[in-house]
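Dear colleague,

With this message I am handing over a structure for your attention. Please look through the sequence and the model below before reading the notes that come after.

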Amino acid sequence: MTDIEPDETVDARGAACPGPLMDLIGKVRSAESGDVVRLLSDNDQSLTDVPEWTDEAGNELIAVEERDDYNAFYVEKA
Amino acid sequence: MTEHVVILGGGTGGTVLANDLADRLEPELDTGDVRVTLVNDDPEHVYKPVWLYVPFGQREPDDGRRPLDELVADAVDLQLDRVSDIDTEAQRLQFDGSAGSVGYDYLVVATGSTLQPDRIPGLREGGHDYYSESGATELRDELLAFTEGDLVLSVIGTPHMCPAAPLEFVMMADDWFRERGLREEVDITYTYPIQRVHGNPHIAEWARPIMEERDIEVETFFNAESVDPEAETITSMEGTELDYDLLVTIPPHAGTDLVEAAGLGDDGWVDVDKHTLEAEAAENVYALGDAAATGVPNAGSVAHYQAGVVGQRLASEIRGRPATATYDGKTLCFIETGMDAASFVEFDYESPPSPAPPSEKLHWSKLAYNESYWLTARGLL
């Protein structure tokens, strides 16, 4: 378990692709530089979508936490 | 005691449902045991797919408008009012101004999508769209006079109405400029927020080679951050900047503030069970069409099928029977691939789409459906 305290959390569990990534992008769009946004997603595609997008956008994926039936992604806005 | 069903929104979903209930509950409506009210803030029903053709000079906005009272069955009370508050505890809607309020036993939220161009600085001044009547006519004036330069189509956010329409627009524009002998003078660029050209991977895999073959440039992972109308540039969160001479965008979408204020869901979309379409946060409330956050495309066919499900469930509940009808994610969609060819997809929650080879026959099928849409709205087709 990580001890990172997110500034915002997006719960996209149950959403089909590309819903979780778009929800994350929407939240990062309104966040301040340095804020950490946590995305909760049970869609396996997010495991590739999120790192690809954070790389592309220059944000940092600082942790991915595996929970029982979903993943939590922690993204720090550049 | 009269059971009162109130439908909020007179778009495709609300109108089809109103007519569905008028037919399905005819005996109860006749005896006064049931009352159905459709509330809309515009006396006209709008068929938005017509707007795709307006910029190319092929349709007029009036082709997509009909008086709502001509489309809705007489047994339905049509109330032209703007709702200012939904109180799901008291089961009551407040009308704007001094128009009073109305109670409901069952509420169906069919409030659709709204455009939010102001979320992107410079977009209102620099961009054009065909997702509103005024946008489509203004774009028509620009497009008909456009003979050379960079045409950029940017999909700024999802979900948005008709996920196929951005692909349709660039494919139609490509063909339209070719037919007019101007294609070599016009560069077309398509941008999409994620790593492929469409949210659905099957449609993206089908469309990408067509776009390559037709020399439509593609920029993926492009989430527009701002538009500079003076410099004629659009910049993404990912740091890409594109020059444009004509910028066409799919503006950010949201639902309605009413939904959020009522605690029914975020960003104006109602959180629902994606099979029963029942709201998760309130009793006796359903949502359908764009307003319902089901993850399926915001498309008229979705609203149409969902209206049938909600109609069956409401009739069962009113008659004291278990409601068993469920929505399986069914979506039908024609996709224009040029000025005289189209594809077709059909899919649901379990079965992915498999786009049909584009043909002239499918193009005419799409145009024929557009003409016969008014039968759909009446619940006949």
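This is a predicted model: local features need pLDDT of at least 70, side-chain atom pairs count only at pLDDT 80 or more; totals for chains, interfaces and linings use all residues.

In chain B, 5 strands make up an open sheet, and their order is β5-β2-β1-β9-β20, with parallel pairing. The edge positions belong to β5 (77-80) and β20 (285-287) of chain B; each has a single partner strand, so one side of each is left without a neighbour in the sheet. From one strand to the next, the twist averages 20 degrees. Within this sheet, strand β1 (residues 3-8) of chain B and strand β2 (residues 34-40) of chain B run parallel and are joined by 6 bridges. Opposite Ile7(B) stands Leu38(B) in β2(B).

Helix α9 (residues 300-318) of chain B lies across β1, β2, β9 and β20 of chain B, and runs at about 175 degrees to β9(B).

The nonpolar cores

The largest nonpolar core contains 73 residues. Those with the most contacts inside this core are Tyr130(B), Leu151(B), Phe169(B), Phe177(B), Tyr190(B) and Met211(B). Helix α6 (residues 165-179) of chain B provides the largest share of the core, 9 residues. Leaving out residues up to four places away in sequence, Phe169(B) touches Leu52(B), Pro55(B), Phe56(B), Tyr130(B), Leu139(B), Leu143(B), Leu151(B), Leu153(B) and Val248(B). Another core, of 33 residues, lies apart from the largest one; Ala22(B), Val34(B), Tyr286(B) and Ala307(B) are among its members.

The contact between the chains

Chain A contributes 13 residues to the contact and chain B contributes 15 residues. About 1200 Å² is buried between chain A and chain B, and carbon and sulfur atoms give 58% of that area. On the chain A side, Met22(A), Arg29(A) and Glu56(A) lose the most area to chain B, together 45% of what that side buries. Between chain A and chain B the count is 0 salt bridges.

Salt bridges

Over all chains, a search of the whole structure finds 22 salt bridges. One of them joins the side chains of Arg319(B) and Glu28(B), at 2.7 Å from N to O. Arg319(B) lies in the loop between α9 and β22 (331-336) of chain B, and Glu28(B) in helix α2 (residues 26-31) of chain B, so this pair ties together parts that are 291 residues apart in sequence. Arg319(B) is partly exposed, with a relative accessible area of 29%, whereas Glu28(B) is buried, with a value of 15%.

Arg59(B) and Glu371(B) form a salt bridge in which the closest N and O atoms are 3.7 Å apart. This pair also links distant parts of the chain, 312 residues apart: Arg59(B) is in the loop between β3 (44-46) and β4 (65-67) of chain B, and Glu371(B) is in helix α10 (residues 360-377) of chain B. Glu371(B) counts as exposed, at 53% relative accessibility.

Arg208(B) is partly exposed at 32% relative accessibility, and Glu212(B) is exposed at 55%.

Two buried loop residues

His160(B) is found in the loop between β11 (149-155) and α6 of chain B, and is buried, with a relative accessible area of 3%. Apart from its neighbours within four places in sequence, His160(B) is in contact with Tyr131(B), Val155(B), Pro166(B), Ile250(B), His253(B) and Asn298(B).

Ile120(B) lies in the loop between β10 (114-115) and α4 (123-126) of chain B, and counts as buried at 3% relative accessibility. Not counting residues up to four places away in sequence, Ile120(B) touches Arg29(A), Ile156(B), Ala224(B), Glu225(B), Ser226(B), Val227(B) and Pro252(B). The C-alpha atoms of Ile120(B) and Pro252(B) are separated by 8.1 Å, although these residues are 132 residues apart along the chain.

With kind regards

Conventions:
Residues are numbered from 1 along each chain as its sequence is written. Chains are lettered from A and ligands numbered from 1 in the order in which they are written. Side-chain values use heavy atoms; hydrogens and water are left out. Two strands pair if DSSP finds at least two bridges between them. Helices (H or I, at least four residues) and strands (E, at least two) are DSSP runs, numbered from the N terminus. Axes are lines fitted to C-alpha atoms, for helices over the stretch in contact, and angles run from 0 to 180 degrees between N-to-C directions. Contact means heavy atoms within 4.5 Å. A nonpolar core is a set of buried Ala, Val, Leu, Ile, Met, Phe, Trp, Tyr and Cys residues joined through side-chain atoms within 4.5 Å. Buried means under 20% relative accessible area, exposed over 50%, partly exposed in between (1.4 Å probe, protein chains only). Buried area is the accessible area (1.4 Å probe) that two parts lose on being put together, summed over both. A salt bridge is a side-chain nitrogen of Lys or Arg within 4 Å of a carboxyl oxygen of Asp or Glu.
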